[in-house]
Protein chains: 2
Amino acid sequence: MHSLFYLVPVFGIVALLFTFIKSAWVTKQSDGGDRMREISKYIAEGAMAFLKAEYKILSYFVIIAAILLGIMGSSNEKSHWSIALAFVIGAVFSALAGFIGMRIATKSNVRTAEAAKTSLSKALKVSFTGGSVMGMGVAGLAVLGLGSLFIILKTIFAPEAGVDSVEMERTIEILTGFSLGAESIALFARVGGGIYTKAADVGADLVGKVEAGIPEDDPRNPATIADNVGDNVGDVAGMGADLFGSYVATVLATMVLGRETTSMDNFGGMAPILLPMLIAGLGIIFSMVGTWFVRISDTAGINTAPVQRALNMGNWGSIVLTAVSSVFLVKYLMPESMTLRGHEFTQNGVIGAIMVGLAVGTLMSIITEYYTAMGKRPVMSIIRQSSTGHATNIIGGLSVGMESTFLPILVLAAGIFGSYICAGLYGVAIAAAGMMATTAMQLAIDAFGPIADNAGGIAEMSELPAEVRERTDVLDAVGNTTAATGKGFAIASAALTSLALFAAFVGIAKIDGIDIYRADVLAGLFVGGMIPFIFSSLAITAVGKAAMAMVEEVRRQFREIPGIMEGTGKPEYEKCVAISTEASIKKMMLPGAIAIVSPLIIGFVFGPEVLGGFLAGATVSGVLMGMFQNNAGGAWDNAKKSFEKGVDINGQIYYKKSEPHKASVTGDTVGDPFKDTSGPSMNILIKLMSIVALVIAPTLATLHKDSIRMHQQEKKAMLEQLISGEASAKPACCEGSTATDCCKEENGVVTCSGGADCPCPNCTEKENTGAPAIEATPASGTNAPAPAPAQ
Amino acid sequence: MHSLFYLVPVFGIVALLFTFIKSAWVTKQSDGGDRMREISKYIAEGAMAFLKAEYKILSYFVIIAAILLGIMGSSNEKSHWSIALAFVIGAVFSALAGFIGMRIATKSNVRTAEAAKTSLSKALKVSFTGGSVMGMGVAGLAVLGLGSLFIILKTIFAPEAGVDSVEMERTIEILTGFSLGAESIALFARVGGGIYTKAADVGADLVGKVEAGIPEDDPRNPATIADNVGDNVGDVAGMGADLFGSYVATVLATMVLGRETTSMDNFGGMAPILLPMLIAGLGIIFSMVGTWFVRISDTAGINTAPVQRALNMGNWGSIVLTAVSSVFLVKYLMPESMTLRGHEFTQNGVIGAIMVGLAVGTLMSIITEYYTAMGKRPVMSIIRQSSTGHATNIIGGLSVGMESTFLPILVLAAGIFGSYICAGLYGVAIAAAGMMATTAMQLAIDAFGPIADNAGGIAEMSELPAEVRERTDVLDAVGNTTAATGKGFAIASAALTSLALFAAFVGIAKIDGIDIYRADVLAGLFVGGMIPFIFSSLAITAVGKAAMAMVEEVRRQFREIPGIMEGTGKPEYEKCVAISTEASIKKMMLPGAIAIVSPLIIGFVFGPEVLGGFLAGATVSGVLMGMFQNNAGGAWDNAKKSFEKGVDINGQIYYKKSEPHKASVTGDTVGDPFKDTSGPSMNILIKLMSIVALVIAPTLATLHKDSIRMHQQEKKAMLEQLISGEASAKPACCEGSTATDCCKEENGVVTCSGGADCPCPNCTEKENTGAPAIEATPASGTNAPAPAPAQ
């Protein structure tokens, strides 16, 4: 094996070293006084309790799934029982990624609050370092896991085999198990964490802010600890597992297609497989470099501009550096020209595809920001519609969400088309890989938000001076913007990744395409399109129900605990934590099961082509529902936030507590499960279903071999007929004029009077001589050959 | 031509005769006192003003579109300039259908109110007769128009040509213009009417009920006349045009596929074309018969049960009679066996497909009713979630709407699959035609609701005795249920019709299928999926904005007109009517344009296959969004209505004006544009886009001839490679064990030691003798042949 392969896990190890060093630095910071320590302990314990409960349930799932996978793997010669092992490793790594994130987040939050006593710059440093520990941890684990597993598997299964050998195909197939493990844990973590955090958030707000009229994070509110725990398990651990899964899936999809690519390179044809892993490695290195840019001056004022600028510097710095170095990498690694499934493409095409990917990601971020940012037309329209009540606010948000799919879909469609033009299906995959390269930095930026949010909560509950909360609020506000743009990026990369996986699936299932003109494939398209709807419904229902349970518990405590409102009675925080934990664990099961089981049923019962239709339907509908929900939620959130500084509606200024503000709170509450539970789950949902399909593809190819073959032969016959049919078109005398010129019909008998120059289409050659064609049946003539769809 | 063809317009004339007789009967009824006459005059004038304004704008559109169509038609030998004429006739008929409906509705409303003074049975008789005038008028116009136009076109263009001739293809192609005209007017009427009615409704409710605390339809509310006009232009005229378009499209789609069907029948091969028209004719006759069943005893109590029973009798009576007679018709008309695009099917298969269609329609109605009916789990869950506020009510409704897609999509997918199994693509089309056969009855049942609603409004405004309102309320409540189930039926038939049109499009565009594995087709799928989102967004934004304008106008009048609240000052009703009219006309343009223009752009620029992907995406997403919005809206509505009799939430009974009720009003208001503007438009949207595609299909086939041919040849080559590639599979010794057994690689040189029994896949036959294969390049080997997608 070429030594470059060994470089991949090294990148991972470097990232993990960075994680340990930075983590130690965060731990070294002061964690404030007793009160702060107490509160942060509550939060940390609550978070750990959730993770324990979650991982316990998931371990049963992993064991059962691994056994089934092992059986399936060992029964197919293109796979192996060890796919079960890869699956378990993927699952464990994904869980570990979530765990690392949550550990550092529950340490950084209190230390950020403490640092905010000094300055904004210090607070940013602590919170962002916390975020980057997580980002680098996740990326490091992914690259380490994928890289070393590939080396091990190749050594065992294909030590000296060429890239196009059956052995190599098998090696990569086993590797898909790793991604399956990662993505399934990601789905449960995202859904479970999303339900937890929003149940606590909505529950705390509805009674605390709306009914009791106490501010957010008030220690008198029994749900406040659960709310802060939620930020950690949902926005940190959930997101960590999510991005770990996405990152792995994207790299893997490119590897699968890379293996199929015929490439005359200097690495034994391995360059197309190596490229995505090395780009990921470069992304890690330049994400580290990027973290140095994220700093602001000690004298910076308390506003969002310098913080946003610093984060942008870090983000764009790492993206640009990775992009530039990728160009050199491609030039070094890839041959002049390659072929994938009959489509030839060049080195420059690959570079072009990476650039298309980055352009799509950038445009998606910009558009998403436009639809969710304060002061822009969409959010302003929601604000205006808040003046006529709750209902018009909701209508406004829903229509903004639906509208926000327009441009991103056009960008995405152009991206699919563009990256395909550049480098075929490999281009689509590498475009996604390019976008995901700086996942470490993306995640650092995403994770610092909830840390700052938590720090604000701790400051409030510990009754720290107001300026501390002001500083953490600045960080939180920036975090909200980056979270929204991050989601735009994530859905775009998920769409491209799913398409790459989809393409890989077609190859491995040995089918020739996915023809939605076939009735069964079309039925699959409908059923697939429905999955994101039912999934979203289950997720937001779960939040609604858990929130209601939370509301009732908080109301009970307010009613029954004496002195709670005066601050003399102590709320029973742990009861609220328990409600959120239990509800989220229980309610994540069904949506998760649907995501995993439905492609299995469709694939095994109806075959790979119907499964392909199903995946396409789910991907399209999932991307749309993801954008709709994320952006509607983000826009509602910022419409509500706009009232804090006062908004002008028809010449009158409205502030918090005004009627329009109350309407905007309704929108925000509806948006919460949209943007933090069901919306972000769509990414994982579509990728997970594609990976499930990819894992079962070799088995499906064997199982449905005969019907696939039959369809192909039918299709071939039909094409032959279609092509030859048009080649032997009728002479002009029959085409241009009416049939009566040449062929007359009387009492069911056709007279072919045109002779050989003008043959009647219903008559045989012999009949076309002018003599009446006896027993010719014009009514039953055969049409111009038309497609014959096989069901 | 067989004389049976002449029977079709006769059915239409019979229906129109029925319409005139019944209409005269309604006119003969008493229209009450001066006050009632005055109010009904306001409503009738407002409605007519809207229709005038709408038709004026649409006439420009029709003229321009007709010119373009004429040019396109005359430039393609498969079409003709007279398609423009067919288009204009279709548009005029559709407008006429809306006009007839509205005329009779604005007559029946006041007469129903007057009849309700006597008894519920009398009121039902008047309102249902009004509805059946409309239903029969719409169906009669459709059958008359389609049937006679077919006869005329065939006489001109294909007088003696066989069913499979070019001439006949052209005849049917010209006929698609009729459907295009009908469906485009339907879209504008539905969207314009939907915006009108909901802007007035939401505006009237927000200020009247919520702010001023006056009841619905109170004459002091300036928006109340606009609200009642809205019921007529949206729920009656809009729906009339809608169902006219659907009905025509469904029959036409079946005719297109019927023409392609090879059928050895006694009608010159015309039986498959004749069948849908005759079934529609039978549907009309048995709908007339069905209207006799819709009557209740004079002594029936004031409750919904007998009314619902009477309507069910009428509905089911006509459906069962039509179904049974269809069996005989098929047996008489169709030959033992037919073939469509290589798929053979039988007479019994056709009967089976019709039954599948009826089963799908019935199941859809039942499921829709479950999700929107009072007392069932979904509505109950929204009621419960209303107790925790506006936000949880909204979350509840949204999740019910999303969940409600689950079973209908499974039913629909099974229906597609089942009807295809029965009779191929012709089966899919005839299933839809069977479902739509009793459109006249469906429409009568649908239209009687708004008439009763209006009657209630007139009773309220004329200050008639309370029992009058009670009686009309009973009719209105039943009307709400039938409206919801009608929508379930409509979306199912739209989906099947679109698929039939889609199949017809594939045939006429001369493509072999729609392979979403191609990057450009997949991009088309994404863009198509987005259309229903942007369309819905535009529609509900329009309602939101128009409602806000209405709110401000009503507030202004309350403020500025002295004595308005005391009933001494007269509100300026006409100003509110003008606001709704103007807003709806202005705002229907863009969504309408998107529906018509987007398939044109996609088709002409990217070719028919990409357009096929686009249509599939739009159909799937449109069906899902239609169900989601209709059912969420219906469920919210009934959740709110449940509070009128009091609901039990956790042991406490809540009534109107309670906090949970206020939350439920918010949900209902959000649901209004969902269920009456954007939701029902989805039907038309997906059908209209398919018809546009069908109309341009011959032109696309010519325009993109070369690229279509190229793709077909590439695909054929790929299939040949795939089929032959697997046929010559490698022997077991290379497949089962690792490659090292037979073929060793050292320093880039492969030793093929396996000999002839175990050939190395990377070596030529000669090399597989055990001798080292010099210059073999394992790294760049060709893979097992895999699909080569053409972009």
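Analyst: Two strands pair if DSSP finds at least two bridges between them. Strands are DSSP runs (E, at least two residues) and helices are runs of H or I (at least four residues), numbered from the N terminus. This is a predicted model: local features need pLDDT of at least 70, side-chain atom pairs count only at pLDDT 80 or more, and totals for chains, interfaces and linings use all residues. Residues are numbered from 1 along each chain as its sequence is written, while chains are lettered from A and ligands numbered from 1 in the order in which they are written.

User: What makes strand 1 and strand 2 of chain A a pair?

Analyst: Two bridges join strand 1 (residues 262–263) of chain A to strand 2. At least two are asked for, so the strands pair. They run antiparallel. A:T262 has A:T339 of strand 2 as its bridge partner.

User: How many bridges link strand 2 of chain A to strand 3?

Analyst: Four, in the antiparallel sense. A:L340 stands opposite A:H343 of strand 3. Two residues lie between the strands of this hairpin, and A:R341 takes a positive phi near 50°.

User: What makes the side chains of strand 2 of chain A alternate?

Analyst: In a regular strand the side chains alternate between the two faces of the sheet. Here A:M338 and A:L340 point to one face and are buried.

User: Which residues of strand 3 of chain B are buried?

Analyst: B:H343 and B:F345, on one face.

User: Why is the relation of the chains called a two-fold axis?

Analyst: Chain B can be laid on chain A by a turn of 180° and a shift of 0.0 Å along the axis, with an RMSD of 0.0 Å. That is the relation of a two-fold axis. In chain B, the C-alpha nearest the axis belongs to B:D515, 2.2 Å from it.

User: How do you know which surface the copies meet through?

Analyst: Of the interface residues of chain B, 99% are also interface residues in chain A, so the copies meet through the same surface. In all, 110 residues of chain B are in contact with 111 of chain A. Contact means C-beta atoms, placed from the backbone, within 7 Å. Helix 15 (residues 519–560) gives the most to chain B's side, with 19 residues.

Note on methods: Least-squares fit on C-alpha atoms with pLDDT ≥ 70 in both. Contact = placed C-beta atoms within 7 Å. Buried ≥ 20, exposed ≤ 12 C-beta atoms within 10 Å, placed from the backbone.
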